[in-house]
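Colleague: I would like to learn how to read cavities and helix packing. Can we work through one case together?

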Amino acid sequence: MPETGFARRHIGPSDDDAAKMLATVGYATLDELAAATVPPAIRMKGALRLPAARSEHEALADLRAIASKNRVMRSCLGMGYCHTHVPGVILRNILENPGWYTQYTPYQAEIAQGRLEALLNFQTMVCDLTAMPVANASLLDEGTAAAEAMAMCVSANEDRPRFFVADHCHPQTVAVTQTRAGSLGIAVDVGDPNGAAFDPSRYCGVLIQFPDTSGHVSDPRALIERCRQAGCLVAVASDLLALCVMTPPGELGADVVLGSAQRFGVPMGGGGPHAAFLACRQEFVRKMPGRIIGVSKDSHGRPALRMALQTREQHIRREKATSNICTAQALLAICAGMYAVYHGPEGLRTLAARVHSQACTLASALQAGGHDVLTPAFFDTIRVRPKGRGSAQVLERALARGVNLRDFGDGTLGVALDETCDEALLGALGEAFGVAVPRLSTGGAHSTLPAGLRRTRTFLDHPVFNTHHSETEMLRYIFTLAQRDLSLAHAMIPLGSCTMKLNATSEMIPVTWPEFGEIHPFAPADQQAGYAVLFAQLEGWLAEITGFAGVSLQPNAGSQGEYAGLMVVRAYHRSRGEGHRTVCLIPTSAHGTNPASAVIAGFEVVGVECDDTGAIDTADLKAKAEAHKDRLGALMVTYPSTFGVFDQNIREICEIVHRFGGQVYMDGANMNAQVGLCRPGDIGADVCHLNLHKTFCIPHGGGGPGMGPIGAAPHLRPFLPGHPVTKPASAGAQAIGPVSAAPYGSPSILPISWMYIAMMGGEGLKKATGVAILSANYMAKRLEGHYDVLYKGANGRCAHEFIIDCRPFDKSAGIKIDDVAKRLMDYGFHGPTMSWPVPGTLMIEPTESEPLSELDRLCDALISIRAEIREIETGNADRADNVLKHAPHTIEACLSDSWSHAYPREKAAFPSADLRRSKFWPSVGRVDNPYGDRNLVCTCPPMSEYTVS
């Protein structure tokens, strides 16, 4: 690897440091360590056939050339996507700031108060605009939010497994809901809910769009009341900007409200990523999917935030979980919430009123010109039947002026406006239709909204939305929150099974290029030629890395990849007349979301045991495969396992499943230990998802975005997901329905993975895998004698992560796993994965990006904490009043005149010498989670709650 190559920037340990680490674990080279760790039978025989590694400058130039093939037009297509002005202070200081985008999901609340507050702002914004009492902290997109709303309705009305979707909803929303319903055995009818044939007593719920996909606004009160009397729940898909001037669905009687927050300052990005929202009535809060941020208190009695209702967590509830959604779109939800903070209620009202006025002006001009406007009441979107037979001519004239219109295919056209609309756009639209559109100052039209559907209630009254309107105030607020959160900009985040590796700046730069960001997902194909090249190259590279015949980029999260892969398997079985194969075997070593995904895909979960070494018990697997041979559909296997070991008999495991009629789904959560060394397709897997936000460097964003593309063997390739609006190139002849709202999921973050692979090349990727395995084994070796490492594979080696056992400390010193994780915060670290997959343990994944000095710093901290536990065991520290039980220690607590602990402040605050040079302070004391669940508050509390008396 040349010294000037990107790989030396990405890989933390230098070659000299790697040699020292290898000596510690007893090997001379990375190849020797890999040979001792990865089963010989599955090792790749040759090198990855990928293009040669490019420098950062070369890769950026090559990607810029690809991006230039996209044509950025003014898209008035609507359908839930529109142009928006991203405030510069948010673009530069959140979306492009590693202090925000390299954070992890806020499991450790004490060092995540900043993004928790930002997400609480998002929830409050959604609750206020929808007039609902509770909202979650985002979902993946509007389509999946609708599918989740359907599942909530079914859960609330289990005796009615039938759902109605209004035919005026966006087509992608209808299709994603139908896909999910098919796997869950829910019957879905699509039609007119206001028609005489609609009988709400037959349905668990109904989904309507307000305003609808054509832009029309009709009063749903009568329908909602009719449904209420019949016990049928009503889910309303809506538009946040429209709700600034329209009566909110909560006021109209809705049970669930959902939609996309994209137009609140998040680029279209070819379809994503964007934050969807979902709000509901209070009685349904425990059925709500996704994360919910709640208000609690810390150990000092001060207000503190944390994720609420964690008993719903998929990793805990497994096949009993209400949803398989793990993380969603936190970074984009933060941006959307900050957009509301930036504009405030008056700013949002002004934006909404201006867009509505422009749409009314355009509609009046079109009617005056003889065109038939089919939407008598609307917010920002109209449907027009051009006079004569002129729809094709209007489309052509609009395109010539750089404007995309929606073609309904029946001679009518859709025109959707947004906050970027100006006189130039209105003029171009007028020319396309052959009419003159008057200037707003001289020819504004009256509102078309019915008087009974105009908003009267206030919104965003909380001070946070009425304070930060100068850029100085906004900038300082953003940085105040960021300073409360630990990210990769501060320290390593050693979360097992999460792969918190470097998100290099060169990888991130293209994300906000307008050539990627300003593309509508349903823009004509000739405007997306650059994206087509990007998709094809990335799909080809991922197919080579995994050994599969085809790859779909559509799933926009790891959980969606699991779901999509299993749906492909189900479609395959049905195509062979074996739709009854619905048993899914899942080992205890599998990734945590697997059981929930299997249930949502329509499988029945059967557990498989693992032996004392962490390997799958092949005897138990064979017995259960044989017992269910007539119904066996799939095995879900994580490789290497979440126990941190490579099963030596993985090929035999795959052969057993195939012998009894099943397909092998491999969870790619731990692909960071495979790339360049072995390939799922060669091992025997039939389908596999990849977490691009782990292995391929898309940042975690504090809980999203992510991407979970799937690779499939030749016999499964025909079933890769399709889409009703734009068919992906990867879609097969027997494609399953869409699993995401956009054809390619979240295209604007795919350049990150493209850049990573392009700059690393095959050899760089292989070396990264080797160093990831080396780093884990080095740390495990250093911690020997202080902690027991629970599982080791052949030759005593772990894979890229390992588990240390903290269970004995509960009996010997009264120290629980939470105490260890919270004490690590005092040392400046985010704790490893706690109590999963084994209760009372820590799972550590260092990745290849952390330098030797940081690996040693974490090892030193864990060894020091073990010494602090030993002080309790020997009676030199009190079992109740010690540095672990009261961790983490805030600067306020350490400076307090009321300090009363038996240990000195210095020991609490500076347990290691390096902290005197630089220390990250937790902003709150230990958070009281049970209190927050007993007193559930999921919107911004009054400012008096934060006032120090």
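Colleague: Which element gives the most to the lining of the largest cavity?

Modeller: Strand β6 does, with three residues. Keep in mind that this is a predicted model.

Colleague: How is empty space found in general?

Modeller: Rolling a probe the size of a water molecule over the atoms shows where empty space is left. Here, that gives nine cavities of 30 Å³ or more.

Colleague: What volume does the largest cavity have?

Modeller: About 320 Å³. Its lining has 24 residues. G80, H170, D239, R263 and D380 lie nearest the centre of this cavity. Two elements give two or more residues to that lining: β5 (205–210) and β6 (233–239).

Colleague: How does the lining of the largest cavity divide by class?

Modeller: Ten residues are polar, nine are nonpolar and five are charged.

Colleague: How many residues line the second largest cavity?

Modeller: The number is 14. L119, A137, R291, A330 and G703 lie nearest the centre of that second cavity. Its space comes to about 100 Å³. By class, its lining has seven nonpolar residues, six polar and one charged.

Colleague: Now the helices. What describes a packed pair?

Modeller: Two packed helices are described by the angle between their axes and the distance between the axes. Take α20 (residues 529–546) and α26 (residues 750–783). Their angle is about 40°, and their axes are 10 Å apart. The two helices are therefore oblique to each other.

Colleague: Is the crossing of α20 and α26 left-handed or right-handed?

Modeller: Left-handed.

Colleague: Which residues of α20 and α26 meet?

Modeller: From α20 come L534, F535, Q537, L538, W541, L542 and I545. From α26 come L750, P751, S753, W754, I757, A758 and L765. This contact has twelve nonpolar residues, two polar and no charged.

Colleague: At what angle do α8 and α9 pack?

Modeller: At about 45°, with axes 8 Å apart. Helix α8 covers residues 142–156, and helix α9 covers residues 171–184. They too are described as oblique to each other. Their crossing is right-handed.

Colleague: Which residues make the contact of α8 with α9?

Modeller: On α8, they are E142, G143, T144, A146, A147, E148 and M150. On α9, they are T173, V176, T177, R180 and A181. By class, the contact has five nonpolar, four polar and three charged residues.

Note on methods. Residues numbered from 1 in each chain as written. Predicted model: local features only at pLDDT ≥ 70, side-chain atom pairs only at ≥ 80, totals over all residues. Heavy atoms only, no water. Axes fitted to C-alpha atoms, helices over the stretch in contact; angles between N-to-C directions. Helix = DSSP H or I, 4+ residues; strand = E, 2+ residues; numbered from the N terminus. Parallel < 35°, antiparallel > 145°, perpendicular 65-115°, else oblique. Left-handed = near helix turned anticlockwise from the far one by under 90°. Contact = heavy atoms within 4.5 Å. Nonpolar A, V, L, I, M, F, W, Y, C, P; charged D, E, K, R; others polar. 1 Å grid on protein atoms, 1.4 Å probe; cavity = no way out; pocket = protein on both sides within 12 Å on 5 of 7 lines; lining within 4 Å. Points joined across faces, edges and corners; volume = space filled by probe spheres on them.
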